[in-house]
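Please open the structure in your viewer and keep the selection tool at hand.

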Amino acid sequence: MSNTDLRNNALVWFRHDLRLEDNQALVAACEYAETHQSDVRAIFFVTPKQWASHDVAPIQLDFIERQLNQIAIELAELGIPMDICQINDFSEVTGLLSQYISDWQIGRVFATSEPEFNERCRDASVIAAGVNLILKPQHCLLAPLSVLNLAGEMYKVFTPFAKKWRAIAKREAIQTLPRPAAQAAPLPKPSLVTFNCEKRCSSQWPIGEQAAQQKLRQFAQQKAADYQDCRDFPAIDATSQLSAYLVIGILSPRQCIQALLSHYPDALVHDECPGRCWLNELIWREFYRHLLVAFPKLSKSSNFNVLADNIVWRNDPHEFQAWCQGRTGYPLVDAAMRQLNQTGWMHNRLRMVTASFLTKHLLIDWRWGERYFKQNLIDGDLAANNGGWQWSAGTGCDAQPYFRVFNPISQCEKFDPTGAFIRTYLPELESVDLKLIHKLKIHSQAKLFGDTDYASPIVDHKFARTRAINVLSAMKKGGAEIRHKPQLDRASSVDLDKEIFG
Ligand SMILES: Cc1cc2nc3c(=O)[nH]c(=O)nc-3n(C[C@H](O)[C@H](O)[C@H](O)COP(=O)(O)OP(=O)(O)OC[C@H]3O[C@@H](n4cnc5c(N)ncnc54)[C@H](O)[C@@H]3O)c2cc1C
């Protein structure tokens with residue numbers, strides 16, 4: 001670029017927005033550069049130590065690495081060089097970014113904001129160090145703290161939040177931004193970067209915006225209408241499977257909503273509109289993200305409901321291991337956990353069933369399950385995972401009441417009536433009569449499945465249900481029968497951590 005004003009180059013700092021289309025930070029950087037007749041650069045920080053402390057799953061890291069390499073190539077075609085800097089954790093970002101800004105004469109840095117506490121602290125310290133950082137709140141359609149009740153506060157119940165969210169969204173022009181034009185002559189193809197951390201192959205999830213958008217279009221066109229009726233059956237391919245794309249930002253929520261509205265323009269307006277049910281799930285996603293910003297304690301593993309601090313969890317490490325490995329003797333729970341372990345993804349109905357089983361049947365602290373999910377899910381996401389776990393345990397905002405305990409046997413009968421899902425992940429039950437699987441309760445603790453290696457139930461359902469209600473009643477308003485038994489001390493919980501999570 002001939003007229004380059006070197007003091008005013010623009011920098012796009014990519015984080016969980018790994019796309020070129022509908023990327024407000026990228027577009028703003030290009031506009032800034034155009035105004036100042038300057039250049040655009042891009043940067044990404046590889047932070048293995050931070051990711052380890054956030055329990056980011058090796059399969060998600062592989063997915064991020066693949067997509068990052070892809071967008072580095074696409075940016076080079078637009079004449080935008082991308083620097084991928086390998087550091088340890090967020091504490092090194094401010095120093096490195098300040099140096100980079102001075103080396104490359106950057107006038108302004110553009111990024112998509114993030115709702116998590118550590119990420120927000122990182123950005124705050126970058127700004128405090130004098131970096132001119134412009135944040136675009138594009139991880140949601142509607143920015144956190146923009147959907148408030150009449151008192152100006154964040155809603156604590158989903159239904160009125162969703163109503164207000166829809167009312168605001170209706171007034172918005174839901175338009176996505178195109179990929180920016182080339183900023184300069186194409187650059188040589190960058191060499192591939194390899195993250196210096198543990199990864200697990202994610203190749204069954206195609207990367208690239210085209211692949212993601214095609215998946216989205218197909219879902220909106222072919223499956224969104226039946227979503228409400230079919231979404232709870234794990235043997236049916238009825239959900240979008242777009243969560244991983246949303247989490248690392250290959251797709252924006254705006255793109256998803258626009259695609260849905262292009263087929264179902266009334267989804268924002270009418271309850272009965274096909275497509276409304278899927279829209280609601282995207283609103284749940286926004287609800288949990290808004291909560292994370294409004295209540296930073298949620299990023300710090302705190303119960304949303306303070307009464308839940310009184311629960312005395314059993315936390316049996318052997319039972320936890322059995323749950324993790326899919327050896328509880330409850331076929332739906334075990335098949336679900338094996339789906340997670342084998343594929344890095346789990347169906348939503350099963351996330352609810354397994355989370356309820358861990359927290360209610362086994363009375364194991366939801367934080368153990370939350371962590372295990374995060375360490376293994378390709379779509380691991382603090383807001384949705386924390387929201388889902390606290391909902392299931394009954395400790396969360398607008399959560400399932402503590403006295404509602406999912407029955408893992410009737411859930412199985414209802415949502416996997418032919419046993420197709422169970423048999424995919426539990427080959428040892430291949431030839432077992434379906435009636436036996438669905439009538440598990442009659443046989444209780446007995447050796448149920450004849451000669452198979454399949455485990456007997458780890459706990460009797462009726463017994464576990466009563467025990468859960470008794471213990472979890474510590475959350476009753478007024479705190480009746482609250483017992484203050486000391487939780488595990490710090491040292492033993494560190495040892496346990498090692499034993500359980502390695
Ligand atoms: C215990 C538990 C843990 C969970 N952990 C995560 C997680 O780490 N990451 C994650 O993205 N989702 C999580 N969820 C929510 C949900 O299970 C997944 O988003 C969904 O299964 C992903 O599949 P899909 O893309 O086919 O979803 P669809 O059914 O097609 O839904 C569309 C999108 O809406 C969003 N969404 C759907 N349901 C929810 C929900 N209940 N809460 C928030 N967002 C939702 C997701 O972005 C999803 O991709 C969790 C739910 C529970 C009960």
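Which backbone N or O atom lies 3.0 Å from an oxygen atom of the ligand? Select Leu242: a backbone N or O atom of this residue lies at that distance from the ligand oxygen. Please bear in mind throughout that the model is predicted.

**First stop: the ligand**

Keep the ligand displayed and select Thr239. An N or O atom in the side chain of Thr239 is 2.6 Å from an oxygen atom of the ligand. Next, select Asp381, where a polar backbone atom is 3.1 Å from an oxygen atom of the ligand. Now show the ligand with the protein surface around it. Taken alone, the ligand exposes 810 Å², and the protein buries 96% of that area.

**Second stop: the shell around the ligand**

Turn to the open sheet, in which five strands follow the order E3-E2-E1-E4-E5 with parallel pairing. Select strand E3 (82-86) and strand E5 (133-136) to see the edges, since each of these strands pairs on one side only. From one strand to the next, the twist averages 25°.

Select strand E4 (residues 106-112) together with E5: the two run parallel and are joined by four bridges. Within this pair, Ala111 has Leu135 of E5 as its bridge partner.

**Last stop: two helices on the sheet**

Select helix H1 (residues 24-35), which packs on the sheet and touches strand E1 (9-13), strand E2 (40-46), E4 and E5. The direction of H1 makes about 160° with that of E4. Finally, select helix H3 (residues 58-77), which also packs on the sheet, touching E2 and E3. The direction of H3 makes about 150° with that of E3.

Key
Residues are numbered from 1 along each chain as its sequence is written. This is a predicted model: local features need pLDDT of at least 70, side-chain atom pairs count only at pLDDT 80 or more; totals for chains, interfaces and linings use all residues. Side-chain values use heavy atoms; hydrogens and water are left out. A polar contact is a pair of N or O atoms within 3.5 Å; within protein, one must be able to donate a hydrogen and the other to accept it, and residues adjacent in sequence count only if both atoms are side-chain atoms. Accessible areas come from the Shrake-Rupley method with a 1.4 Å probe; for residues, only the protein chains shown count as cover. Two strands pair if DSSP finds at least two bridges between them. Axes are lines fitted to C-alpha atoms, for helices over the stretch in contact, and angles run from 0 to 180 degrees between N-to-C directions. Contact means heavy atoms within 4.5 Å.
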